Amino acid sequence: MFCRIVAGELPARVRAGSEHALAFDDLAPQAPVHVLIVPKAHHRDVPGMTAADPGLAAELIGLAAEVAAATGIAEPGYRLIANTGPGGGQTVFHAHLHLLGGTRLGWPG
């Protein structure tokens, strides 16, 4: 599904983009701000992406910080989550980060 969003085949509310990454709103938000940051190239999960291209992981985190600032959640803070594998809650097997904020976040959740 994320490959199709990156390709422009599926609609998404895009928040920001870079040469190698795209940030767009989650369709099932878990917080007032819930943005997904994905690499444009397909990688199954974040550890695999990082092993293949460590700089890409830094680019995703940088884009997340940019979106956090643009949406007003950089202060007081936000959460970045990378679910990995079915046991870790990953349901879409394309590497991505969840940027969550806009409310006080408890733990876990």
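Start with glutamate 9 and arginine 4, whose side chains meet in a salt bridge at 3.4 Å, N to O; the term asks for a side-chain nitrogen of Lys or Arg within 4 Å of a carboxyl oxygen of Asp or Glu. Glutamate 9 is exposed, at 52% relative accessible area, while arginine 4 is partly exposed, at 43%. Here exposed means over 50%, buried under 20% and partly exposed in between, using a 1.4 Å probe and protein chains only. Keep in mind that this is a predicted model, where local features need pLDDT of at least 70, side-chain atom pairs count only at pLDDT 80 or more, and totals for chains, interfaces and linings use all residues. Residues are numbered from 1 along each chain as its sequence is written, and side-chain values use heavy atoms, with hydrogens and water left out.

The whole structure has 3 salt bridges. Aspartate 25 pairs with arginine 13, their closest N and O atoms 3.3 Å apart, and also with arginine 15, at 2.7 Å, N to O. Those shared partners join Arg13, Arg15 and Asp25 into one network. Aspartate 25 is buried, at 18%, whereas arginine 13 is exposed, at 53%, and arginine 15 is partly exposed, at 32%.

Now for the inside. The largest nonpolar core has 19 residues, and Leu60 is one of those with the most contacts inside it; such a core is a set of buried Ala, Val, Leu, Ile, Met, Phe, Trp, Tyr and Cys residues joined through side-chain atoms within 4.5 Å. A second, separate core has 7 residues, including Phe2 and Val92.
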